[in-house]
Amino acid sequence: RHWLLLVLLLLVTLAKMIPLWGFIYTTRIYPIIGTLLSPISGFFPFAVGDIFIALSIAWVIFYPIYEIGLRKKLARRYFFLAAKKGCYPKKKVVFGRVAEYLLWVYAWFYIAWGLNYSQPNIYDRIGMKPVEVSEAKFKAFAYQYADSLNALSISEKSFFSDSIADDGLKNRVRDAILKEYNKIGYKEGINAPFNQHPHAKTMVFTPLSSMSGVTGSMGPFFCEFTLNGDILPHDYPATYAHEFAHFLGVANEGEANFYSYIVCTASEDKQVRFSGYHHIFFHVLNNVFDILGEKEGERFLKHIRPEIIQLAKSDRRYWLSKRCKALDAAQDFIFELYLRGNHVAEGRKSYSGVIGLILAWEEKK
């Protein structure tokens, strides 16, 4: 098994270094892995990956404690086993087992999904070029975006009172998102759906996820994607589309936001379209203030309908009320390291790269 592990680690390392291997993995190998793993995890109503991660963390912590200290003390106390010298593994053996287990998990993570980080970026995949954004061009985009958002908010006020506990809503969103992803496929640099009956699972540890500010995740070990159980109805479609992009092999967060935007805003379902526009509201707003200045930013805010401003404020209050500052900061730090360790140079800032991608995509069209 040690030779097998060594070979797998070598293949993972080479695939991370050679872009062509990353491209072959994403477009040829990962869809096969997803086709095999996704239906298996789909048999379980809960997120198998969440349980696996929790049990793995528990084992890594408690196994050494048990083997090195507790097991011997229990044997001496209750005479279950003779506590003779040499009957118990040495510390280096115990920690060697832990290290080997972590290496197997590392190899499994990259082979099952993580090598998607090694594929070429979206600009190379679809022949799109980064654009130098002039103030006039960005201003035109921002106000066009605002008009679309305003128009949808007028016709879809009822959406704000829907509940994601309603299976009808979930099924409608799933069908709408799947329909659009089936349309774009390879021409927009993303795999076509390999599972026509995807099931978004609720995070097992939803309260903990809300405390750390996580609304969705991709479960790489069993090819499943999860959504936070506290997510609000108007955010559900866009978050679903974001995580489904990860499910199809998109690793970069900004790219996942981009695919969520183009899929949702192209939908025939007005509520799904509204979610797609609203999901990037703060990204657009921040860019307006950064690029166009504070005065134009204030003018832009006045152009947005009051109910949208109110919705954005209530969203912020809702999530802040669930946050734990210490846990949120720790999660940000760990995730930043994780992204940079997987060649995402911008780290968490990659989320906000969605605006640049949208503008480049509009230019390409």
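**Aromatic rings**

I looked up the aromatic cluster first. Tyr25, Tyr30, Tyr181, Phe194, Phe225, Tyr236, Tyr240, Phe244 and Phe247 form one cluster. Rings of Phe, Tyr and Trp (its six-membered ring) pair if their centres lie within 6.5 Å; planes under 30 degrees apart are stacked, over 60 edge-to-face, and the rest tilted.

I noted the ground rules next. This is a predicted model, where local features need pLDDT of at least 70 and side-chain atom pairs count only at pLDDT 80 or more, while totals for chains, interfaces and linings use all residues. Residues are numbered from 1 along each chain as its sequence is written, and side-chain values use heavy atoms, with hydrogens and water left out.

I then checked the total: the structure holds 31 aromatic pairs. I picked one of them, tyrosine 143 with phenylalanine 300, which is edge-to-face at 5.5 Å centre to centre, with 85 degrees between the planes. Tyrosine 143 lies in helix H6 (residues 135-155) and phenylalanine 300 in helix H13 (residues 294-303), so the pair ties together parts 157 residues apart in sequence. Helices (H or I, at least four residues) and strands (E, at least two) are DSSP runs, numbered from the N terminus. Are tyrosine 143 and phenylalanine 300 buried or exposed? Both are buried. Buried means under 20% relative accessible area, exposed over 50%, and partly exposed in between (1.4 Å probe, protein chains only).

I also found a charge over a ring. Arginine 316 lies over the face of phenylalanine 282, at 4.4 Å from the ring centre. The rule asks for NZ of Lys or CZ of Arg within 6 Å of the ring centre and within 35 degrees of the ring normal.

**Strands**

I counted elements: the protein chain has 16 helices and three strands. Strand S3 (residues 224-227) points Glu224 and Thr226 one way and Phe225 and Leu227 the other way, and all are buried. Phe225 is also one of the residues in the aromatic cluster.

Which strands pair with S3? Strand S1 (residues 201-202) pairs with S3 in the parallel sense over two bridges. Strand S2 (residues 216-219) pairs with S3 in the antiparallel sense over four bridges. Two strands pair if DSSP finds at least two bridges between them. I traced leucine 227 of S3: threonine 202 has it as bridge partner, and glycine 216 stands opposite it. The hairpin of S2 and S3 has four residues between the strands, and cysteine 223 takes a positive phi near 50 degrees there.

**Salt bridges**

I found 12 salt bridges in the structure. Each is a side-chain nitrogen of Lys or Arg within 4 Å of a carboxyl oxygen of Asp or Glu.

Glutamate 255 bridges to arginine 125, with the closest N and O atoms 2.9 Å apart. Glutamate 255 is in helix H10 (residues 253-265) and arginine 125 in helix H5 (residues 122-126), so parts 130 residues apart in sequence are tied together. Both residues are buried.

I turned to helix H7. Glutamate 180 and lysine 183 meet in a salt bridge (3.5 Å, N to O). They are three residues apart in helix H7, so about one helical turn separates them. Glutamate 180 is buried at 6% relative accessibility. Lysine 183 is partly exposed at 47%.
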